[in-house]
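Please read this note with the sequence and the model open beside it.

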Amino acid sequence: MTTTDTDPQTDGAAAPRPAPDTAPSAGVPVVEMQGISITFGAVRALDQVSLRLFPGEVHALMGENGAGKSTMIKALTGVYTIDSGRIVVGGEQVEFGTPAASQAAGISTVYQEVNLVTNLTVAENMMLGREPRRFGGINTRAMNRKAGETLQRLGLDVDPASVLGDHPIAVQQLVAIARAVDVEARVLILDEPTSSLDADEVAKLFEVMRTLRDDGVAIVFVSHFLDQIYEISDRMTILRNGRLVEERMVSETSQLELVKLMIGRELEALEQIDREVAATDSADTGAPVMKVLGLSRKGSLETTDLELHEGEVVGLAGLLGSGRTELARLLFGADTADTGEVQFRSERRRLRSPRHAIDRKVAFSSEDRKAEGVIGDLTVADNMLLALQASRGWLRPIPQSTRTTLVQEYIEKLDIRPADPQALMRNLSGGNQQKVLLARWLITQPEVLILDEPTRGIDIGAKAQIQATVADLARQGLSVVFISAELEEVLRLSDRLVVMRDRRKIAERRNDGLSVSDVLEIIAGEARQDQEAHPRD
Amino acid sequence: MTDTLTRPTPSGSPGPSPAPQRRLRASSSTKALLWPVLALVVLLVVNVVATPSFFDIRLQDGHLFGPLVDIARNSAPVMLVALGMTLVIATRGIDLSVGAIAAIAGAVACVHMAGSSAEGAFATAAVGCFTALAVCLVLGLWNGFLVSVVGIQPIIATLVLMVAGRGLAQLITDGQITTVNNDSFSNLASGFVLAVPLATVVAVAVVALTALVVRRTALGMLVESVGINPEASRLAGVRSRTIIWTVYVFSGLCAGLAGLIIAANTRSVNANSLGLFIELDAILAVVIGGTSLAGGRFSILGTVVGAVFITTLTRTVVNVGIPSEANYLFKALVVVAVCLLQSPRARAAFRVRRVRPAAPTSAPTSKAGLA
């Protein structure tokens, strides 16, 4: 099933799928990683993996979480030292002991989280560590000019003298890329650059990527969004469990084929959810579990009403910044509302803190997994039991036997890997962290579960599993609020759809066969109405 | 005693992926203690070389005597202060006011005894001590209030009492050095229980009790959780305000107890000098013990080792015969060396470059921050 035994040196003759018909591959690869192996302790993180990057090509590195993508990238960027195999850059064998050595060889990386200084200007960020000097000080004018030139070359309309933090995340991400490119990069590695971007912003990013590609830069692109892979990539290398599966041309591989290669089995799970969700259609009867009247908060949400019923999945659809996350936070008391109150069964009250909501059996998983969910230095077990322990108070520790049982149960139920309660949370992959956070709330046995982007940036297997779990919980009577930027996902799971736009609810529909374009129509239709109402906007 | 108490048994690791990922486990507390213990051993060896009789322990009148016994006795105050400091630091805080609180505790107890009609009675000593601890409780409440309710940065909030507390202690003693004649009280420092110095027994008992409470209840885990990620903890429903408040109160109480022991040792209280700079020794002890100043995971056993180390170091200066002018410089150098020894990054830099891939994402938290 793998081609790892192929001798990489006899490339032209026996290499897997050389695909000679496309222009770039006719050239010489700018980077060749051959038979790379990396071992951590007793674990083989990479086993004889090879990767070729050609100039002027977008190369997608594909695989589930834990397949070895990040390790491969870190081997190339000098973060990890390889145990065996070799790296050839521009025809010369190299050995990267440090990230700096890799950068000096023209390999630049932009990581998933923007690693910039938000209170410095755009230009300062781009030139950080290599500022143009004059009289021993920094020559600000020259710095702004140089940064401006780079931004212009990439077609970015950003003032180099503006403060980075004033720009939206997407722009910051593009600045990070501009910084990476500015060091005369031959290879640009983009690790999940789109996970927090809107469709428009992704389009902008792709424009920049195309500009760079046409300049001859080899781009490594890692993303969980298959559509994006297909839109931008020329070639891909697929990894699974630390091994090379295959190198393929994107144009010659169907999405279905790709998914099969990535996970090594058919994707029945997702189809099954579709059928099951269709089967449960009995919601909306009975009294609401939670009812919201006139909820609002200045600057984040205009007055909104909402009802949640037992066993119902309510999907919140809308673009980034439409108020979907803001509504979710207010429902949980993560932010305090200016007006409005929340009614639980028959009790009415205002939520002043998450504790109020938790005591009323509401659970909330934030979209910002790293900052608002994960306790990185604690173990998986502690992370899982945190919410339950917090509601019991510190004087009543959860008995050891209960701890073990609960943690074991959820590790198995959600297939959390590694299946080790003592593993440190920060060492888990994103998908597995998300599952632990889901478990944290399920252990509290909530009646209302609010999930904000629970599947963002995680692999398709974990995604299917989380979706299946949500559908299953709703069937058992849990009321779920589900938020995702992916409309397909929202529609697949929801019984009812609430469409948000401009910080308010603009529509509420039963999900009887709504399609993505229906929803887009609602969002766009509202935009048209706006234009008619205020023609000058 | 530290990190291992509440953890579930390692488990036979069932589930679908049995083999991989052992490296992801939390590093055991024993391993984290390696460097501070090693530093302590080196220091003791230096002392034995300088004075071969350093390890001699005599039993005289049913009491133990000797340099090591002195160290055990003298480390009691620092150990107590550092114990409270450990929990405060674990919540990302710091308590600079412990020295001042110690002085206030000594002042309250001594002034009470000196002013009492039965100055030498046990009851007088007991009432004095409990009054002092009650005052410290209030002072801890004040610190905790400023940090957790008002939201002032801990270093600033406790600086208030660090400065004002000395003045308060002087007000209590009327600016005089107050001496007391109460054998029950001075026994707190110089007395023995089963041949062991009473101060040591008190400190070790408080440490053991704290370790037990912290690790047997969920307090330790919640303190760490708040220290590692306050926002995530809040959203998980952790009452971080209560927890932060609690650790400052506890720190105040520990400082008060330390102040009583110091005052008992000199049978007097000098509001200006009692517990002066003890906050720095305590912070050092915590850091040497392996608790990061950035908050999060803490090790009480490490702090104990750190406190003993600091006390041994002071003793070493005298024992080895370092000229008193070079005293502080010598201490500083040793502390820097120990902190470097502990920092994974510094160790990696010293090591010859036969590089193995570092464990992923374990950004080496430099513990040298303080030095």
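1. Residues are numbered from 1 along each chain as its sequence is written, while chains are lettered from A and ligands numbered from 1 in the order in which they are written.

2. The pLDDT, the predictor's confidence in each residue from 0 to 100, averages 82 in chain A, where 86% of the residues score at least 70. Helices (H or I, at least four residues) and strands (E, at least two) are DSSP runs, numbered from the N terminus.

3. Over residues 1-25 of chain A the pLDDT stays under 50, and the model has 33 contacts for them beyond four places in sequence. A contact requires that the C-beta atoms of two residues, placed from the backbone, lie within 7 Å. Where pLDDT is low, the predicted coordinates should not be read in detail.

4. An open sheet of chain A contains six strands in the order S18-S19-S20-S15-S21-S22, with mixed pairing. Its edge strands, S18 (362-365) and S22 (504-510), each pair on one side only. The twist from one strand to the next averages 15°. Strands pair if DSSP finds at least two bridges between them; S15 (residues 313-317) and S21 (residues 496-501) of chain A have four, in the parallel sense. Leu316(A) stands opposite Val498(A) in S21(A).

5. Elsewhere in chain A, strands S11 (residues 235-240) and S12 (residues 243-249) run antiparallel and are joined by six bridges. Arg235(A) has Met249(A) as its bridge partner. Two residues lie between the strands of this hairpin, and Asn241(A) in the turn has a positive phi of about 50°.

6. Chain B has 14 helices and six strands. Of its 371 residues, 48% are buried, that is, with 20 or more other C-beta atoms within 10 Å of their own, the C-beta atoms being placed from the backbone.

7. In chain B, helices H3 (residues 98-115) and H4 (residues 122-150) pack at about 150°, with axes 8 Å apart. Axes are lines fitted to C-alpha atoms, for helices over the stretch in contact, and angles run from 0 to 180 degrees between N-to-C directions. Residues of H3(B) in this contact include Ile101(B) and Val108(B), and those of H4(B) include Leu133(B) and Leu139(B).

Note on methods
This is a predicted model: local features need pLDDT of at least 70, side-chain atom pairs count only at pLDDT 80 or more; totals for chains, interfaces and linings use all residues. A residue is buried if 20 or more other C-beta atoms lie within 10 Å of its own, exposed if 12 or fewer, and partly exposed in between; C-beta atoms are placed from the backbone.
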